[in-house]
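Have the model open as you read.

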Amino acid sequence: MARLLPVLPLRDTVVFPGMFARIQVTPPQAVAAVDVHVSSGQPLLGVPLRTTVDLPEPADLYDIACVLRVERVVRLGDGTIRVLVEGLARAQVSGLREDPDAGLAAMARPLADHVQDPTKIDLLAAQLRQEFSGLVSDDTAQPPALNRVAELDLDGGRLADHVLSNLTLPWPDKVALLAATSVDERLEAALVAVGRERQLATLERDIHKRIVATMDRQQREFFLREKIRKLQDELQTDDPAGAGAAWDDMAALEKRVRDAGLPEDHLPDVLREVSRLGRMHPDASEYTVARTWIDWLLAMPWQVSKPEHADIRDAKRVLDEDHYGLNKVKDRILEHLAVRKLNPDGQAPVLCFLGPPGVGKTSLGRSIARALGRDFQRVALGGMKDEAEIRGHRRTYVGALPGRIIHALKRAGSNNPVIVLDEVDKIGRDYRGDPSSALLEVLDPEQNHAFSDHYLDVPFDLSKVLFICTANVADPIPAALHDRLEIIEIPGYIQEEKLQIARHHLIPRLLLAHGLTQSQLVITDRALADVISSYTREAGVRNLDRELASIHRKAVRQVVEGRSRGMRVHNLDRLKKLLGPPRHFVELAERADQPGIAIGLAWTAAGGDILFIEATRYHGGSNAINLKLSGHLGDVMKESAEAALSWIRSRADSLGLSQSDFSGWDFHIHVPAGGIPKDGPSAGVTMVSALTSLLTGRRIRPQLAMTGEITLRGKVLPVGGVKEKVLAAQRAGVQQIILPRPNENDLVDVPAAVRHDLDFHLVDTVDQVLARCLEDALPDPLPDQKQPG
């Protein structure tokens, strides 16, 4: 008579009578069923699940079961258990319900086996033993212990159950065989399943032999993919499971390569690599390398160009909006636009903006891109020492990538962007190569139409790119690279230009960045002029931007704290409260108030600057004349000092000096700011003036500066950097400047407002220099004073 028994839902294993199985029991209701079975001794019903659910309900279970007996229980720390069970008999399940103790319980009715044809049973059993033994012997993946199943003295029903439990069958088929009470039916099903397994094993061995025969040593890693292809042929299907997506992906990739616009002579090589990629396993190391290379090729803008603006007036408006002054640079850009309008296929020039920091070289490149309607990219070259940064790494190296030029083109998304190569004067070189040499191919219009990056290994046309270089100093740029550049100097801004830049560019940007309105912060022109002259002394406007930002931050704090509705900055006293005491003073008269002090002009990477050269003398220990130099001077300046002293001694009589003014005296020339290295061929006239002032006791005229090199015959030689030096003198409060006469033409580049504020004295000889610079001037005739218009 049927009775209520605990139910163990089976989700992974169908247990047949006579079979032992290890089962992981996780759901709490299933653990409860095992506990009831162990404690009460009632039979346990192993019922297969129809669907995989965590908490099964009666509707989720089949109506067939195997009566189980738990042989061993292992309890785990997470509340689950692992049990070893033995199948005892088949049973028909009915009345499945939830049970408060066992979780699930059901009524069970035992099912007995029946035989339809005893003679047939013996034949089927004998044939099954033979086939199953052959399967175990042929398939090396099967454990040898299964051979004993065929040797056991089992009746037909138990033999069929043992064989079926060791075969890989679909879950519904196993459940159906568990429900089958006919021994004849189960033996036939087992015999068919074993035969199918043997055929599959034979087919797999044949496929394996054919693949191994056609594969070389390098192709063995692709064995699994080849096996899938052979299975596709055997099954005569066009899309084997799991392979169709891969073939579709390769087909789409090949189409993208054909449509990418690659050079025709390199397209077959790329398509060959795509085909090779399709034969690789995705887990192979070479797959990632090849796929990354192809993705880079597809990401490059081979045929993508941005339309260029041809309206010169609109371009001029954009340039004027972004930058004040710089007329020479703007004229050069507009000339380029005019040429492009008449000859769109002409070669683009390679411009190089040369100037001190903070004058707007990089931002000017961005404005040019906006005026032309092109994309803008910046490549920083400062400190670069590896040639591969330009040309890329070869794909044979681990982690190889293209160079920075290719990276910039990919980011731009077009083949005609404006690319600013920043700091070309700071490129280094070491054992890894010379990046400046690699730049020759990039910038040379005769070569860059087929620029070859080592990683891409496919030439890219750079002839449509507008390259703009920036540098602070021209000397470090290699000669070969310098020859390919069109140098446009941006020496710096005068005070009036800085005031206009601050008023129309810096202050509006800072107001927006700090969330202020024009009524909340008012800075008058007088206050701006004081900030420029008393708190900054530079060629550019970078420090001016910092000082103005500090004023804006203080205004923001005052508004937020509610102390006032706004701030007005109108004079120097107000600036002292906001920025502290002034940092720069016009002190030329005070600094040069004694004999032996002269003011020179120097050129630096940050623009022009002034130098105070001081000379003194003291009694030495012998009649020999010793010259001591200090101030971190270079060899050229040391030689200028020696030449100056030699010239003075050779002209002692005409200068009113005697031998006693030199014998027994040691001379010392010092240039203050000794922590800063100083060198260059333009301090000769300053040193000879300082020594002559010392020896004659006559002071140098106030607010007078000078520059120029001398010879032992007293000639004054021309120097460079005149515009930068004149602007530095004007910033420092100089009123008169002595220049070599050959440098008269360089004054054309000096702004007219600066030329109007200064008096220029053009000289040819040292005698003329001394006549102009010393108070109580010597009676030598003076040339006409030159004051260019």
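Is the crossing of α24 and α27 left-handed or right-handed? The crossing of α24 and α27 is right-handed, that is, the near helix is turned clockwise from the far one by less than a right angle, with anticlockwise being left-handed. A word on where this comes from: the model is predicted, with local features needing pLDDT of at least 70 and side-chain atom pairs pLDDT 80 or more, while totals for chains, interfaces and linings use all residues. Residues are numbered from 1 along each chain as its sequence is written, and side-chain values use heavy atoms, leaving out hydrogens and water.

Back to that pair. Helix α24 (residues 684-696) packs on helix α27 (residues 766-773) at about 60 degrees, axes 10 Å apart. That angle makes α24 oblique to α27; oblique is what remains after under 35 degrees (roughly parallel), over 145 (roughly antiparallel) and 65 to 115 (roughly perpendicular). Val-685, Val-688, Ser-689 and Thr-692 of α24 make the contact with Val-766, Val-769, Leu-770 and Cys-773 of α27, where contact means heavy atoms within 4.5 Å.

Now for α19 (residues 525-535) and α20, which pack at about 125 degrees with axes 10 Å apart. They are therefore oblique to each other, and the crossing is right-handed. Here Leu-528, Val-531, Ile-532 and Tyr-535 in α19 meet Leu-544, Glu-547, Leu-548 and Ile-551 in α20.

Stay on α20 (residues 542-560), and you'll find Gln-558 there. Gln-558 counts as buried because its relative accessibility is 15%, and buried means under 20% (1.4 Å probe, protein chains only).

Methods. Helices (H or I, at least four residues) and strands (E, at least two) are DSSP runs, numbered from the N terminus. Buried means under 20% relative accessible area, exposed over 50%, partly exposed in between (1.4 Å probe, protein chains only). Axes are lines fitted to C-alpha atoms, for helices over the stretch in contact, and angles run from 0 to 180 degrees between N-to-C directions.
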